[in-house]
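Me: I have a model open and would like to go through it with you. Can we start with the packing?

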Amino acid sequence: MPAPITLLVDDSCPLVHVFRCHWEDVHQRRPLTKDGRPLIDRVPNPFLDRFCDVVERRGMAGKFSIVPAPGGLGDVVQGIAGDPEGTRAWLDTARRRLPPRFDFTPEGITHNLAVNLATGDYYPLGESDWSQTQTRETLTPYLIRQLELLRDAGIDATGVTSPWVFGIRVEPEYVAAIVAAQRQVYGRSFSWYFLHMLHDRPDARPWIALKEGETTLVAIPSTVDDFWWETIDSPRTDAAYVSAVTDRMLTADGRGGKIRAVLDAGGYPVLLTHWQSLISNGLGTGLAVLDELGRRIQETLVGEVEWVSCLELARRTAAG
Ligand SMILES: [Zn+2]
């Protein structure tokens, strides 16, 4: 049996470069790359088409986050960044081109400062920090808001992505909240979430986080770190650079790199990347790496891996 392989795309959303927003608002950093270039503040819609071209060409599958109210700059229902038409066009493309191979999930409400649901104001801390002292009583409405925004924008979210390490210190409360929110918003009793980054555990596989009667929640951990990230901070776009970054995940002969290490350890390659790691501050270098990685997988791992969506991976995990 080929091992399932899946791609987790975090921080994607219409128009806004979420990373730049929280770099400034949550981390209080200057909006610059490490080599001193200004961080872009928008991701143009054609980039989503280019991403869809690559994952279609390479037969990839996984999940694709949609941050519902990125950076507090509007939301997927009302329109983001003052551009309701652009927002709608982006969502239409995502819905038309990504399912069923890619699942959708929210990733926080803002992926930035936490929202006070009673007033609509922001707390002076990021969503992840806020979450760590909460209980299911406060986490459930927070997750319901995320899911409702996506549902009302016509998006079916089969799971939940945790911004940063949202809920990790109160995980049993968080798990209960995910289950309650999925039931209330989508009437769903089978779901999954991404929280754990187990990049030093190459043998890791997804597990059942909760099973109660008809209700099942599967935890899908990433096992392959975001090696695309360094492209944000490099001006290089040449083929040798693209090849070198790809090598860290899978060498051209399929015999080296982190994906090989995970397969050899008996784990499942669950690849983590971010929208900002693919757009690479406007250069698109990360997307070129994704294309090259997809090509290498197609050519060297035939019969060894099979691309699956996160929902399919969760189903296989639950089936044992
Ligand atoms: Zn994120």
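Me: What does Leu-290 touch?
Reply: Not counting residues up to four places away in sequence, Leu-290 touches Leu-7, Phe-51, Val-54, Val-55, Met-60, Trp-228 and Leu-278. Contact here means heavy atoms within 4.5 Å. This is a predicted model, in which local features need pLDDT of at least 70 and side-chain atom pairs count only at pLDDT 80 or more, while totals for chains, interfaces and linings use all residues. Residues are numbered from 1 along each chain as its sequence is written, and side-chain values use heavy atoms, with hydrogens and water left out.

Me: Which residues have the most contacts inside the largest nonpolar core?
Reply: Phe-51, Phe-64, Leu-98, Ile-259, Trp-275 and Leu-290, in a core of 95 residues. Its largest share, eight residues, comes from helix 6 (residues 171–186). A nonpolar core is a set of buried Ala, Val, Leu, Ile, Met, Phe, Trp, Tyr and Cys residues joined through side-chain atoms within 4.5 Å. Buried means under 20% relative accessible area, exposed over 50%, and partly exposed in between, using a 1.4 Å probe and protein chains only. Helices (H or I, at least four residues) and strands (E, at least two) are DSSP runs, numbered from the N terminus.

Me: Ile-259 is in helix 8, then. Which residues of that helix are buried?
Reply: In helix 8 (residues 258–265), they are Lys-258, Ile-259, Arg-260, Val-262 and Leu-263. Their cover includes strand 1, strand 12 (270–274), helix 10 (285–300) and strand 13 (305–307). After helix 8 comes Gly-266, with a positive phi near 90 degrees.

Me: And Phe-64, what does it stand opposite?
Reply: Phe-104 in strand 5. Strand 2 and strand 5 (residues 102–105) are parallel, with four bridges. Strand 2 (residues 62–65) is also parallel to strand 1 (residues 3–10), over three bridges. One of the contacts of Leu-290, Leu-7, has Gly-62 in strand 2 as its bridge partner. Two strands count as paired if DSSP finds at least two bridges between them.

Me: Switching to the metal. Which protein atoms are donors of the zinc ion?
Reply: Asp-11 (OD), Glu-107 (OE) and His-111 (NE2), 1.9 to 2.1 Å from the zinc ion. Along the chain the spacing of the donors is D-x95-E-x3-H. Asp-11 lies in the loop between strand 1 and helix 1 (18–25), and His-111, 100 residues apart from it, in the loop between strand 5 and strand 6 (113–115). Donors are N, O and S atoms within 2.8 Å of the metal (3.2 Å for Na, K and Ca); water is not among the atoms, so sites may look incomplete.

Me: Are Asp-11 and His-111 buried or exposed?
Reply: Both Asp-11 and His-111 are buried.

Me: Last one. What is the strand order in the open sheet of four strands?
Reply: The order is 8-9-11-10, with mixed pairing. Strand 8 (159–161) and strand 10 (207–212) are the edge strands, each pairing on one side only. Strand 10 is antiparallel to strand 11 (residues 215–219), over five bridges, and Ile-208 has Val-218 in strand 11 as its bridge partner.
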